[in-house]
Amino acid sequence: MRVQVAIIGAGPSGLLLGALLHRAGIDAVILERHSPDYVLGRIRAGVLEKVTVDLLEQAGVAARLHAEGLVHHGIELSFGGTRHRIDFQGLTGKHVTVYGQTEVTRDLMQAREAAGLQTLYEAEQVAPHGFDGERPTVSYVRDGTTHTIACDFIAGCDGYHGVCRASLPASAVQTFERVYPFGWMGVLSQTPPVSDELIYSNHERGFALCSMRSMTRSRYYVQCPIEDKVEDWSDERFWDELRLRLDPAAAEALVTGPSIEKGIAPLRSFVAEPMRFGRLFLAGDAAHIVPPTGAKGLNLASADVGYLAAALAEHYGERSDAGLDAYSQRCLRRIWRAERFSWWFTGLMHKFPETGAFGRKMQSAELDYLVNSRAASTALAENYVGLPLES
Ligand SMILES: Cc1cc2nc3c(=O)[nH]c(=O)nc-3n(C[C@H](O)[C@H](O)[C@H](O)COP(=O)(O)OP(=O)(O)OC[C@H]3O[C@@H](n4cnc5c(N)ncnc54)[C@H](O)[C@@H]3O)c2cc1C
């Protein structure tokens, strides 16, 4: 097989890149090690920035998102027993859209199938080769047979544990990392959300987040020790703990029900630099991870592939490599700003045992300043709704 672009990974980055390349008339195949059902079963992000919505529109897959997505004009910060609203619309003129990553993935998969585009699911031992030369290839095993795909470029959209970054010589890549000493215990339930907007709670028992996927499906999280196991958290224990971390009105209004999905996510900040190695380009979680506090992971992944698709269109259409040459630097500038925001918001909202009583006082003072200063509220709002894409 020969294609212009071989994409490794059918998560949101790989699928969105495939859709954008198709629109640009560029021929691509996607290789994915899991089955479509497995990919769709992963419950992850839920808040989309305008940049992401615009790219999904550009890819022609935003109809259901516009019909079913929930437009949110702000968030609520809960601390000291009260909630304080951060008004995105008033402060920045912008909003975010709540629409689950699972639904984004489903829309992209269906559009890909309808257009007859090729995705090789359950491809084993996928490996990129020769990307430092002119003729890269990707090999994979399916049904016991090894196959090779010749291509012009390889897009490494294979997530944090993927093969692309792992195939690079250690000397070619520099990594920066912070692992947090706690995780998020998350529950998805078929219950109405406790509030119309997301509630981020800073509480002396630890952080909590009230999020949602629709007006009938809620997603809740509580900060938990990283050593905890899902089995330690019965539904009853989860709901009791969440209620304790909310303000009295929210605790009273909370509707509970059986969990549909439960999991513990570790929190990590991570960046690999650069993001281009000859004819191999990393995008999304393959190159960077943020703690989910700022709702940036999926949005950063989308922005990366937006830049990459435009650069590849420029390469094939205008015979210019300017976009490809600028790719890594352009992405990394935006990524580091999102890393900073996610790190700051994580630090402000979570309980860090090592910082003690002084650390708690600092958080309280900063939260008090944040909700009472238009400048500080605006800084939070403009980062949360997403920084614009640079041209
Ligand atoms: C538990 C969890 C909760 C999260 N919650 C949030 C949130 O609330 N908000 C937010 O913004 N972000 C969140 N994120 C982050 C967000 O989901 C990711 O940033 C997003 O999925 C990145 O998309 P991606 O396509 O780059 O990577 P992924 O979604 O990881 O997709 C990579 C794909 O590559 C495939 N793959 C890997 N290795 C190979 C291989 N060797 N060969 C072939 N295929 C391979 C994988 O199977 C996968 O399908 C969360 C992430 C996790 C793990």
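The lining of the second largest pocket comprises 4 nonpolar, 4 polar and 6 charged residues, where Ala, Val, Leu, Ile, Met, Phe, Trp, Tyr, Cys and Pro count as nonpolar, Asp, Glu, Lys and Arg as charged, and the others, Gly among them, as polar. The model is a predicted one, in which local features need pLDDT of at least 70 and side-chain atom pairs count only at pLDDT 80 or more, while totals for chains, interfaces and linings use all residues. Residues are numbered from 1 along each chain as its sequence is written, and side-chain values use heavy atoms, with hydrogens and water left out.

The volume of the second largest pocket is about 310 Å³; of its 14 lining residues, Gly-100, Thr-102, Glu-103, Arg-213 and Arg-217 are the closest to its centre. Two or more lining residues come from each of helix H6 (101–114) and strand S16 (259–273), and H6 gives the most, with 3 residues. A pocket here is an open set of points on a 1 Å grid over the protein atoms alone, where a 1.4 Å probe fits, with protein on both sides within 12 Å along at least five of seven lines, and lining residues have an atom within 4 Å of a point. Grid points are joined across faces, edges and corners, and the volume is the space filled by probe spheres set on the points. Helices (H or I, at least four residues) and strands (E, at least two) are DSSP runs, numbered from the N terminus.

S16 also belongs to an open sheet of 8 strands in the order S6-S5-S13-S14-S15-S12-S16-S19, with mixed pairing, and the edge strands, each pairing on one side only, are S6 (82–87) and S19 (288–289). Strands pair if DSSP finds at least two bridges between them.

| S16 and S19 | 2 bridges | Val-271 with His-288 |

In the hairpin of S10 and S11, with 2 residues between the strands, Asp-143 takes a positive phi near 50°. Pro-136 lies in the loop between S9 (124–129) and S10 (137–142) and counts as buried because its relative accessibility is 1%, the cut-offs being under 20% relative accessible area for buried, over 50% for exposed and partly exposed in between (1.4 Å probe, protein chains only). Phe-345, a residue of H11, is buried, as its relative accessible area is 0%, and touches residues including Ile-75, Leu-77, Tyr-200 and Leu-380. Helix H13 (residues 374–384) lies across S5 (74–79), S6 and S13 (199–201), at about 65° to S6.

How values were computed
Contact = heavy atoms within 4.5 Å. Axes fitted to C-alpha atoms, helices over the stretch in contact; angles between N-to-C directions. Lists of a residue's contacts leave out its neighbours within four places in sequence.
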